[in-house]
Amino acid sequence: MAIGTENGIKKSVKTDLYQHHDYYGIDELLDQDHILARDAIRDWVKEEVSPIIEHHANAATCPEHLFKQLGEIGAYGPSIPAEYGGGGMDDIAYGVIMQELERGDSGIRSMASVQGSLVMYPIYRFGSEEQKRKYLPKLGSGEMIGCFGLTEPDHGSNPGGMVTNVVDDGDSYILNGAKMWITNSPVADMAVVWAKNEEGKVIGLIVEKGMKGFSAPEIHGKWSLRASITGELVFEDVRVPKANVLPNVVGLKGPLSCLTKARYGIAWGALGAGLDCYDAALRYSKERIQFGKPIGQFQLTQKKLAEMITEITKGQLLVWRLGKLMNAGKATPGQVSMAKRNNVKIALDIAREARQIHGGMGITNEYSCMRHMMNLETVLTYEGTHDIHLLITGYDVTGLNAFS
Ligand code: TGC
Ligand code: FAD
């Protein structure tokens, strides 16, 4: 059903989207605030994202008008205190918000998780009071867009090998190097950049758009996260005032602790993509008739659907418990890695199975499963690849480090 136009793009929405699937009554484990936040974001996604997302994914364009709206609905830094531009909620609220955004599209969740966990969080956790007051309210409201520069062309899984560096020059640092695969960089007003100082230690700097020698060209040709804008960060003798250095962290644990926060959000987010695929496949299996009966009546279709909801339910329990540990400040990076790795993989498997249930229609943009599937290929790789997370768990349980 058509529901009007947005920036010249025809919006259409299937009104029965987003049935609620809670096989184990996990809603009973959530507070009323979590349910209210989740349902509000779900309604917003249904209204503002679903009607336009296939168009943007198809055209490989970013729905930039959503940046401001995400600020207005409280999607940036839900668990950062309200006085610093966040939502003042807990980490389970943050999780359910990421889940609902990714039900719409992984790229929309990316917009929010980069801004909240990778830009606001490091400034909140490691920044000076002046930096917090200057940047966080504007980032929280979506007035300002940020990005996070860790990965380099030759250093992805191994960020500790980074070559981007600063040289001391009185009141400033001179920054040189390049970052690769940076979500939102071409449209960002500022970047949190990780670079090595003259002692070879990693420090964080806030680099602002317009600083001489700083550019952020777009990366084209992605088959995944097509509605998300990705680019490079290039630094050629950029003079960054020392006042822009994050004063309260030195070392790789700075960027890695931001990743812990973002990976936690992704563990919830991936379930949203999985739920959307399951929801669509379940509906299609009841509507599509072959051999005189709904395909959902065939045992092989039921196997697929039963396994999907089993994995979703296990994933929901995993992130709920992890959320409790996060709220108590007890979650370990290893526990976060396990949840990110598991939930992204099950979501990708569910997207592939859902695509099969839709038959030929599953490869079209009439249905969301192929778009989710392509998106999840990125989600499996960014914020630490599937195999890197396995090795983090391996290290945790054996005490033997595969990286050294
Ligand atoms: P390692 O020697 O193990 O650790 C260095 C220091 O960091 C501490 N640490 C952590 N701290 C907090 N959270 C974590 N997850 C941490 N992991 C390690 C560690 O305790 C140590 O502290 P200290 O005090 O002893 O100095 O470091 P390593 O060089 O051996 O590397 C370990 C490894 C491979 C696990 C790490 O480099 C890694 O996680 N690699 C994956 C890289 C990655 O995830 N990149 C993501 C880039 S950002 C991104 O993808 C954004 S996508 C955004 C979107 O669109 O949603
Ligand atoms: P590599 O590290 O080269 O890995 C290639 C393969 O080798 C992988 O399968 C990997 O698992 C494997 N491998 C590597 N080391 C080992 C090992 N020790 N043992 C076993 N296998 C290993 N980064 C940012 O900093 N900011 C962002 O905003 C951001 N956004 C992104 C958006 C998109 C769309 C994408 C695709 C990436 C983004 N990234 C971002 C980068 C992302 O984090 C990296 O792509 C990821 O960490 C992997 O690095 P790489 O691509 O260089 O792969």
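Which of the 18 residues around ligand 2 come nearest? I began there and noted Phe148, Thr151, Ser157, Trp181 and Thr385, where a residue counts as near if one of its heavy atoms lies within 4 Å of the molecule.

Before going on, I wrote down that this is a predicted model, in which local features need pLDDT of at least 70 and side-chain atom pairs count only at pLDDT 80 or more, while totals for chains, interfaces and linings use all residues. Residues are numbered from 1 along each chain as its sequence is written, chains are lettered from A and ligands numbered from 1 in the order in which they are written, and side-chain values use heavy atoms, with hydrogens and water left out.

Next I looked up polar contacts, which are pairs of N or O atoms within 3.5 Å. For ligand 2, an oxygen atom lies 2.6 Å from a polar side-chain atom of serine 157, and a nitrogen atom lies 2.7 Å from a polar backbone atom of tryptophan 181.

I then asked where ligand 2 lies, and found that it is between domain 2 (146-244) and domain 3 (253-398), because both give residues to its shell; the domain bounds come from an automatic or database domain assignment.

Turning to ligand 1, I found 24 residues around it, with Ser110, Thr183, Thr260, Arg263 and Glu383 among the closest. A polar side-chain atom of serine 110 is 2.7 Å from an oxygen atom of ligand 1, and for threonine 183 the corresponding distance to an oxygen atom of ligand 1 is 2.8 Å.

Technical notes
A polar contact is a pair of N or O atoms within 3.5 Å; within protein, one must be able to donate a hydrogen and the other to accept it, and residues adjacent in sequence count only if both atoms are side-chain atoms.
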